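Q: Can you walk me through this one? I'd like to start with a helix.

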Amino acid sequence: MKWTPLDPPRMFETGRGEPICMKDCGRIALESDEQVTFVTESGAEYDVARKSWGFYATPSLNGRLLNFGLRAALVRSHVGKYYLFLVERGQEVELQSYLDLEQNRLVRWLDNDDDLRAVEASQPTLRAPLPIECPCGGNRFTTVHMYFEPPLGEVRFAQFGNEYRREVFRCGLCGHFISVHTMAPSSLYGGTYVDSTYGDERGMRSAFERIIALQPEKSDNYGRLRRLLDFAETHVGPGPRTVLDVGSGLCVFLYGMKRAGWTCTALDPDPRAVKHAREVVGVEAMMADWFETVDIGQYDVIAFNKVLEHVKDPVAMLRKAAEHVAPGGFVYVELPDGESAAPPYGEGFGREEFFIEHWHIFSLASASLLAEQAGFRALAIDRLREPSTKYTLRAFLVPHTKRSL
Ligand SMILES: [Zn+2]
């Protein structure tokens with residue numbers, strides 16, 4: 001503890017009624033886990049404790065503080081500023097005349113269980129409605145993380161400029177996360193995404209070649225193919241089989257599916273990704289926005305490999321797949337697993353699962369609710385850590401309306 005007195009004290013006037021002369025007497029610097037106690041002549045007291053993260057401004061409001069003769073009160077000034085007052089028990093009338101004089105208002109006492117629970121209960125709904133819905137349909141979001149600069153490794157989108165501010169909310173009902181920021185959603189798709197992520201066509205090709213050259217134990221795609229082909233073996237059966245990859249990107253997945261003998265179709269909104277799929281990977285490719293496609297036929301497997309988290313309405317995106325699944329086929333979905341990546345289980349919000357391209361980061365519950373809301377039944381949902389260290393959920397879905405597999 002370091003006490004630096006101001007001698008003589010710094011004097012200043014304040015107050016809206018008769019001017020009040022205040023005396024600023026000095027500074028106390030506390031180290032982490034040090035505390036000081038403030039006392040009154042009547043025996044009321046409260047302590048301020050320094051922590052590594054800031055301060056405990058008071059002891060427990062509905063416990064020790066109250067027992068030591070002080071009642072916490074939330075007060076609003078005439079210009080809309082809020083203050084926490086600690087009022088000596090028995091001085092409530094004195095407080096009221098002060099509030100009247102200063103044109104302040106007592107918002108509520110914060111010294112008993114009922115008042116504090118009421119504050120807690122109202123907290124999740126204090127916010128304006130968020131621009132994104134939870135797959136569970138609930139709106140019990142609370143802020144769990146704020147970014148004021150990009151986390152390490154996040155792609156820098158040129159048009160985002162210097163002003164970076166992003167907030168992650170967690171749904172109290174299903175554990176889903178959403179990330180909210182001011183960047184225009186349309187600018188994340190098509191050209192910009194490829195530009196920022198891979199550079200140009202040559203960048204795409206070299207990223208593709210680097211990934212397909214990975215040893216099986218280091219390749220996320222190898223694990224994905226093995227699991228998916230195994231599942232298809234049991235559920236789709238032999239014969240010519242077709243797969244549509246929505247948001248094909250580097251097309252590493254279809255490269256492997258083609259080698260496994262499947263008839264492959266890529267779909268991507270970016271012309272470079274489509275050209276890459278046709279010319280480098282040698283598969284059919286459509287340049288299209290999935291939401292606007294019509295008459296694209298049916299496929300044994302429709303894959304969304306880490307795609308649904310990039311759109312604001314993943315339920316609508318997935319729902320559209322139901323009409324394009326061939327009888328006996330299924331939809332394969334990969335999603336970032338926020339529940340495993342976030343505290344207390346994972347390393348935290350600096351991880352790639354929470355990067356800016358993702359509006360949605362899922363929990364086991366929200367992944368299955370996503371399927372349900374989009375008209376699917378989940379036959380299996382795997383939770384895994386991929387060789388790249390990504391926390392991922394993999395789901396195998398069949399449309400509700402179709403014959404079960
Ligand atoms: Zn939810």
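**A buried helix**

A: In α7, the buried residues are V252, F253, L254, Y255, G256 and M257. Buried means 20 or more other C-beta atoms within 10 Å of a residue's own, exposed means 12 or fewer, and partly exposed is in between, with C-beta atoms placed from the backbone. This is a predicted model: local features need pLDDT of at least 70, side-chain atom pairs count only at pLDDT 80 or more, and totals for chains, interfaces and linings use all residues. Residues are numbered from 1 along each chain as its sequence is written.

Q: Why is α7 largely enclosed?
A: Six of the eight residues of α7 (252-259) are buried, so the rest of the structure largely encloses it. Helices (H or I, at least four residues) and strands (E, at least two) are DSSP runs, numbered from the N terminus.

Q: What do the buried residues of α7 pack against?
A: Helices α5 (201-212), α6 (220-235) and α8 (271-281), plus strands β12 (242-246), β13 (263-268) and β15 (299-305). Contact means C-beta atoms, placed from the backbone, within 7 Å.

Q: What comes just after α7?
A: G261, with a positive phi of about 95°.

Q: Switching topic. Is D100 buried or exposed?
A: Exposed, because D100 has 11 C-beta neighbours inside 10 Å. D100 sits in helix α2 (residues 92-102).

Q: Which element has the lowest mean pLDDT?
A: Helix α4 (residues 191-198), at 66. pLDDT is the predictor's confidence in each residue, from 0 to 100. The protein's mean is 89.

Conventions. Contact = placed C-beta atoms within 7 Å.
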